[in-house]
Amino acid sequence: NSLENKQSKKNVVVIILESFGDKMIHQTVNGMKITPFTDSLLDQSYYYQNGIANGKQSIEALPAIFASMPHLMATPYILSSFCNNNLDALPSILKRNGYKSAFFHGAKNGSMRFDSFSKIIGFDQYYGKNEYPNKNHDNGYWGISDGYFNPWVVAEINKIKQPFCASIFTISSHHPYEIPITY
C-alpha cells in the first residue's frame, strides 16, 4: 500500500534506549518519577506497553525492531553468515514511499556492525562517533555521551528532507553510567 499524499506522510522517529527496560518506565521511587522526561514522551507517542523483548543483547535490537526478526540463532543475525541478505525492513519500505532516513549511534563506527546493517536495511545515512564533530566528548567507555550526542542528533535530523525516518540508539544508559562533569 503506497503512501500517496506527501502532505499526509508523517515523520518517523525510533528511539532505542540502551539497557533500558520497561520496568524503569512510569515508575516512582520515594514519590519521585525516575524517568519523567521519557514518561512525558511516551504519553504523547505510540508506546506498546505489552511489547515483548526478543533478544537479550543490544546487537539483537536492529534486526528485531526494523526487520521484525527475533533472535532465533545462537549467533546474533548481524554477526551471522546471513547478515548481507536483502531484507524488506522499515527503512527500505519507507524509502520506496519517498522517505529519507538516518540512523544515529554515538559509539565507534563498526560497533555491533550497526553502521553496515543500517545500510543493508535501507537507512540512507549512518552517523556515529566518527561523524560527531567534538572528539573530546568521548566518554572513554562506549562513545559520545548522550548529553552531547543527542542535541547534535536533533540538529542533524532537522536537516533531513521530509518526510523522514530517523533512529537513535543511545549509549549512556549502559553501565558504567558515566555522567559528564558539566551535568
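**Figure 1. Surroundings of Leu 62 in the predicted model.** Leu 62 touches Ile 16, Ala 67, Ile 78, Phe 103, Phe 114, Phe 117 and Phe 169, where residues up to four places away in sequence are left out of the list. In this predicted model, Leu 62 belongs, together with Phe 66 and Phe 103, to the residues with the most contacts inside the largest nonpolar core, a set of 21 residues. At least two residues of this core are supplied by each of β1, α2 (61-67), α4 and β6, and the largest share, 4 residues, comes from α2. Another core, of 14 residues, lies apart from it, and among its members are Phe 149, Trp 152, Ile 160 and Phe 164.

**Figure 2. The aromatic pair of Phe 103 and Phe 114.** A search of the whole structure finds 13 aromatic pairs. In the pair shown here, the rings of Phe 103 and Phe 114 are arranged edge-to-face, with 6.1 Å from centre to centre and 85 degrees between the planes. Because Phe 103 lies in strand β4 (residues 100-105) and Phe 114 in helix α4 (residues 114-120), the pair ties together parts that are 11 residues apart in sequence. Both Phe 103 and Phe 114 are buried. Ring pairs also link these two residues with Phe 66, Phe 123, Tyr 126 and Phe 169 into a cluster.

**Figure 3. Ser 101 in strand β4.** Leaving aside residues up to four places away in sequence, Ser 101 touches Gly 122, Phe 123, Asp 124, Gln 125 and Cys 165.

**Figure 4. Two lysines, Lys 9 and Lys 159.** Lys 9 is placed in the segment before β1 (12-16), and with a relative accessible area of 12% this lysine is buried. The side chain of Lys 9 reaches the backbone oxygen of Asn 97 at 2.2 Å. Lys 159, in turn, is found in the loop between α5 (146-157) and β6 (164-169), where, at 63% relative accessibility, Lys 159 counts as exposed. The side chains of Lys 159 and Glu 156 are joined by a polar contact of 3.0 Å.

**Figure 5. Backbone geometry at Pro 163, Asn 30 and Arg 113.** Gln 162 and Pro 163 are joined by a cis peptide bond, with omega at about -5 degrees, and Pro 163 is found in the loop between α5 and β6. Asn 30 has a phi near 55 degrees, which is a positive value in a residue other than glycine. Asn 30 lies in the loop between β2 (28-29) and β3 (32-33) and is exposed, with a relative accessible area of 79%. Arg 113, although it is not a glycine, has a positive phi of about 60 degrees. Arg 113 lies in the loop between β4 and α4, and with a relative accessible area of 37% Arg 113 is partly exposed.

Figure 6. The secondary structure of the chain comes to 5 helices and 6 strands, which follow the pattern β-β-β-α-α-α-β-α-β-α-β along the sequence. The radius of gyration of the chain is 17 Å, close to the 16 Å that the globule rule gives for 183 residues, so the chain is as compact as a globular protein of that length. Along its principal axes the C-alpha trace spans about 50 × 35 × 35 Å. Of the 183 residues of the chain, 39% count as buried. Among contacts between residues at least 6 apart in sequence, 61% join residues at least 24 apart.

Methods:
Residues are numbered from 1 along each chain as its sequence is written. This is a predicted model: local features need pLDDT of at least 70, side-chain atom pairs count only at pLDDT 80 or more; totals for chains, interfaces and linings use all residues. Side-chain values use heavy atoms; hydrogens and water are left out. Rings of Phe, Tyr and Trp (its six-membered ring) pair if their centres lie within 6.5 Å; planes under 30 degrees apart count as stacked, over 60 as edge-to-face and the rest as tilted. Buried means under 20% relative accessible area, exposed over 50%, partly exposed in between (1.4 Å probe, protein chains only). A polar contact is a pair of N or O atoms within 3.5 Å; within protein, one must be able to donate a hydrogen and the other to accept it, and residues adjacent in sequence count only if both atoms are side-chain atoms. Contact means heavy atoms within 4.5 Å. A nonpolar core is a set of buried Ala, Val, Leu, Ile, Met, Phe, Trp, Tyr and Cys residues joined through side-chain atoms within 4.5 Å. The radius of gyration is taken over C-alpha atoms; the globule rule is 2.2 Å times the number of residues to the power 0.38.
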